[in-house]
Amino acid sequence: GVPNAEWGEEVVALVQIDPARASSGPELARELRSHCQERLAGYQQPRRIGFSERLERTDTGKLARRAIRDRLRSEVPFAGGDATLAASEPSKGAPR
């Protein structure tokens, strides 16, 4: 999660883009949000979904969760938008 003034933390998803996938950006964000709404409680759903061409990995190929979390906490795009990370609309039922 990333810091949230009201709730302490909020759920944010960072998705690595597959260049071979036809849909991307807002269309993909809608698909992911729909998928989450069908399977997760409102408080578990990502408030924002970001996209990246690359996610940090460890030397063994696993996701470097701490590095990704630090990146999300320091990135400006979730506040204003960017070409490499694009925030989507908050989902219904998620804390605001």
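Tutor: Helices are DSSP runs of H or I with at least four residues, strands are DSSP runs of E with at least two, and both are numbered from the N terminus. In this predicted model, the secondary structure comes to 3 helices and 4 strands. Along the sequence these elements follow the pattern β-β-β-α-β-α-α.

Against that background, the largest pocket has a volume of about 270 Å³. Its lining consists of Gly1, Val2, Val12, Leu14, Leu55, Leu63, Arg65, Ile68, Arg69 and Leu72. Two elements give two or more residues to this lining, namely strand S3 (12–16) and helix H2 (65–74). Helix H2 supplies the largest share, 4 residues.

The polar class includes Gly by the convention applied here, and Gly1 is among the lining residues. Arg counts as charged under that convention, and both Arg65 and Arg69 belong to the lining.

Of its 96 residues, 32% are buried, where buried means under 20% relative accessible area. The protein exposes about 6,600 Å², and carbon and sulfur atoms supply 50% of that area. Among contacts with a separation of 6 or more, 65% are made by residues 24 or more positions apart.

Methods: Residues are numbered from 1 along each chain as its sequence is written. This is a predicted model: local features need pLDDT of at least 70, side-chain atom pairs count only at pLDDT 80 or more; totals for chains, interfaces and linings use all residues. Side-chain values use heavy atoms; hydrogens and water are left out. On a 1 Å grid over the protein atoms alone, a cavity is a set of points where a 1.4 Å probe fits but cannot get out, and a pocket is an open set with protein on both sides within 12 Å along at least five of seven lines; lining residues have an atom within 4 Å of a point. Grid points are joined across faces, edges and corners, and a volume is the space filled by probe spheres set on the points. Buried means under 20% relative accessible area, exposed over 50%, partly exposed in between (1.4 Å probe, protein chains only). Contact means heavy atoms within 4.5 Å. Accessible areas come from the Shrake-Rupley method with a 1.4 Å probe; for residues, only the protein chains shown count as cover.
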